[in-house]
Amino acid sequence: MQSIDKYVVQALDNYPYWLEGTLESLGYALAYDNKNVTALWLYGRFHTEQLQDYETAKQYYAEALAADIHALAVYPYYADVLLQNEDYEEALKLIEFALTIKGIDKPLMLLKKIRLLEIQRNWKEASKLIKEAKILDNSTHLHAIEEIEKRIKNKKDLLKEKKKPNKKKSEKKKDKKDKK
C-alpha cells in the first residue's frame, strides 16, 4: 500500500466523525498527488456537508471529474451541490451526461433529475421519470422513489386546493342565511 492510499483510507475512515483527522489525512493525500480523485471528492463532500461552501465544493468535484471522468461516486454528490446552489442548468447537463456513463447508478441519478424537475414544478415529467426509476431500480432506492412520488403528489394536491375559486362575499352571506 502506497502512502497516498494510506492517507485516503484514513480520511475515508475518519469522515464525518473526526473532521480534524479527515482534513489532515486529505492534506497529506493531496500533497502526494493533487489529482487524487477520492481525496478531491471527499474534500468536496466536506465543503458541502460541513461548511455549506457550495462554490468550493463545486471546484473540488470538477477537479475530481477532470482527473477521472469515470469517477462514478462523484456524480451524485456533484449533482446535489449544484441543485443546492441553484445551478439548475449545470445540474441538468451533469445528470444527463452521468446517465450515459456505463456503470453509473441510473436510478440514483434519475432521482437527482426528478428532484430538479420537482424544484422546477415540472411534475408531469417528474412522474414519468419516477416510473422509469422504479423500473430500473433493484430495490436499493425504492423507498426514496416512493417518498418523492408521495411528496410530488402532495404538492400537486396543495396547488389544486389553492386554485379552487373562492366564494364571493355575497355568496358567503347567502350561505349563512340559508343555514339559519
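Predicted model: local features only at pLDDT ≥ 70, side-chain atom pairs only at ≥ 80, totals over all residues.
Helix α6 passes helix α7 in a left-handed crossing. A search of the whole structure finds 11 salt bridges, and several of them are described below.

**How α6 and α7 pack**

- The two helices, α6 and α7, pack at an angle of about 155°, and their axes are 10 Å apart.
- Because an angle over 145 degrees counts as roughly antiparallel, α6 and α7 are roughly antiparallel to each other.
- On the α6 side, the contact is made by Tyr-88, Leu-92, Ile-95, Glu-96 and Ala-98.
- On the α7 side, the contact is made by Met-109, Lys-112, Lys-113, Leu-116 and Ile-119.
- If you sort the residues of this contact by type, you get 7 nonpolar, no polar and 3 charged.

- Lys-113 forms a salt bridge with Glu-96, and the closest N and O atoms are 2.2 Å apart.
- This pair links distant parts of the chain: Lys-113 sits in helix α7 and Glu-96 in helix α6 (residues 88-98), 17 residues apart.
- Lys-113 has a relative accessibility of 15%, and it counts as buried because that value is under 20%.
- Glu-96, at 34% relative accessibility, counts as partly exposed.

- Lys-112 pairs with Asp-80 in a salt bridge, with 2.9 Å between the closest N and O atoms.
- Here too, distant parts of the chain are linked: Lys-112 belongs to helix α7 (residues 106-119) and Asp-80 to helix α5 (residues 74-84), 32 residues apart.
- Lys-112 is buried, with a relative accessible area of 12%.
- Asp-80 counts as partly exposed, at 23% relative accessibility.

- Glu-147 forms a salt bridge with Lys-150, where the closest N and O atoms are 3.7 Å apart.
- Both Glu-147 and Lys-150 lie in helix α9 (residues 142-163), 3 residues apart, which is about one turn of the helix.
- With 35% relative accessibility, Glu-147 counts as partly exposed.

Terms used:
Residues numbered from 1 in each chain as written. Heavy atoms only, no water. Salt bridge = Lys/Arg side-chain N within 4 Å of Asp/Glu carboxyl O. Helix = DSSP H or I, 4+ residues; strand = E, 2+ residues; numbered from the N terminus. Buried < 20%, exposed > 50% of the residue type's maximum accessible area, 1.4 Å probe, protein only. Axes fitted to C-alpha atoms, helices over the stretch in contact; angles between N-to-C directions. Parallel < 35°, antiparallel > 145°, perpendicular 65-115°, else oblique. Left-handed = near helix turned anticlockwise from the far one by under 90°. Contact = heavy atoms within 4.5 Å. Nonpolar A, V, L, I, M, F, W, Y, C, P; charged D, E, K, R; others polar.
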